[in-house]
Amino acid sequence: MGARSLGIILSSLEGFENPKPELEQWATPGEIAEKMVSLADLRDKKVLDLGAGTGILSIAASLSGARSVVAVEIDPASAKILERNVRKLGLENIETAESDVAGYSGQADAVLMNPPFGAQDAARHADRIFLETAFRCAPEVFSLHLSKTRSFISRFSGARGFEDAVLGTFRFPLKASFGFHRKERKIEEVDYHRLWRRK
Ligand code: SAH
């Protein structure tokens, strides 16, 4: 599938209905999701999407050739939207796991995720829990993190046996999806990391 048609499909998915700030529910914009999968080689891989939300990254992975995808999401309301999005597109290789990523340990070839950035008080350190789980589950991880945490991510990963490369930097509309922030649309610089287990 061409990048443009993939971007269009991803941009037309149903988004969060009542985003929960404490779970840092901000969806990845379609064009960023499209770039993420174009920079990752997911063909024929078993992919894990941690904190899958409404499913945009799972769907992007499936449409770009992943063998199968497991979408792990703690929030039942989001998981329902995810399943609707998947059903509408008729994708049969995406499975939902309604679960907390902490303690999750399903194995995969690669993790593709946009985790909570740990920016909200209630979600402080959520980024670390997501990375720990990703490192437990797969030898290769594609993940978004605030650019201002770049050196922390690199050290944190290195200490756990993972090499780090930044594949790109995106301007990410962080609070656009929250009703009470709708007007003050905050843009954050976000790095797209590839982390892989050291041989
Ligand atoms: N991956 C989606 C959603 C990103 S928002 C996208 O790219 O659009 C982060 C998601 O992580 C939210 O859906 C939130 O509900 C989920 N989440 C937060 N903490 C979680 C946890 N401990 N376990 C599983 N999912 C969690």
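D44 sits in the loop between α2 and β1, where helices (H or I, at least four residues) and strands (E, at least two) are DSSP runs numbered from the N terminus. The model is a predicted one, in which local features need pLDDT of at least 70 and side-chain atom pairs count only at pLDDT 80 or more, while totals for chains, interfaces and linings use all residues. Residues are numbered from 1 along each chain as its sequence is written, and side-chain values use heavy atoms, with hydrogens and water left out.

The backbone at D44 has a phi near 65°, a positive value in a residue other than glycine. Most residues other than glycine have a negative phi. With a relative accessibility of 54%, D44 counts as exposed, given that buried means under 20% relative accessible area, exposed over 50%, and partly exposed in between (1.4 Å probe, protein chains only). E24, in the loop between α1 and α2, likewise has a positive phi, near 50°, without being a glycine, but E24 is buried, with a relative accessible area of 5%. A positive phi, near 105°, is also found at G65, which follows α3.

Strands of a sheet pair through backbone hydrogen bonds, either parallel or antiparallel. Strand β1 (residues 46-50) pairs with β4 in the parallel sense over 2 bridges, and L48 has V111 as its bridge partner in β4. Strand β7 (residues 187-197) is antiparallel both to strand β5 (residues 140-146), over 7 bridges, and to strand β6 (residues 162-173), over 11 bridges. Within β7, R194 is the bridge partner of F142, and H193 is that of V166.

V70 gives a view from inside the sheet, since its place is in strand β2 (residues 68-73) and V70 is buried, with a relative accessible area of 7%. Leaving aside neighbours within four places in sequence, V70 is in contact (heavy atoms within 4.5 Å) with K46, V47, L48, D49, E95, A97 and Y104. V70 and G106 are 36 residues apart in sequence, and their C-alpha atoms are 8.8 Å apart in space.

Helix α3 (residues 56-63) is mostly covered, with 7 of its 8 residues buried, namely I56, L57, S58, I59, A60, A61 and S62.

In α2, the buried residues are G30, I32, A33, E34, M36 and V37, and the buried residues of α2 pack against α1, α3, β4 (110-113), β5, β6 and β7.

Two packed helices are described by the angle between their axes and the distance between the axes. For helix α1 (residues 3-11) and helix α2 (residues 30-39), the axes come within 8 Å and cross at roughly 135°. α1 is therefore oblique to α2, where angles under 35 degrees count as roughly parallel, over 145 as roughly antiparallel, 65 to 115 as roughly perpendicular and the rest as oblique. Their crossing is right-handed, the term for a near helix turned clockwise from the far one by less than a right angle, anticlockwise being left-handed. In this contact, A3, L6, G7, L10 and S11 of α1 meet G30, E31, A33, E34 and V37 of α2. By class, that contact has 5 nonpolar, 3 polar and 2 charged residues, with Ala, Val, Leu, Ile, Met, Phe, Trp, Tyr, Cys and Pro counted as nonpolar, Asp, Glu, Lys and Arg as charged, and the others, Gly among them, as polar.

Helix α5 (residues 126-137) and helix α6 (residues 150-158) have axes that come within 11 Å and cross at roughly 40°, which makes α5 oblique to α6. This crossing is right-handed, and its contact is made by D127, R128, L131, E132 and F135 of α5 with F152, I153, F156 and S157 of α6. These residues divide into 5 nonpolar, 1 polar and 3 charged.

Conventions. Axes are lines fitted to C-alpha atoms, for helices over the stretch in contact, and angles run from 0 to 180 degrees between N-to-C directions. Two strands pair if DSSP finds at least two bridges between them.
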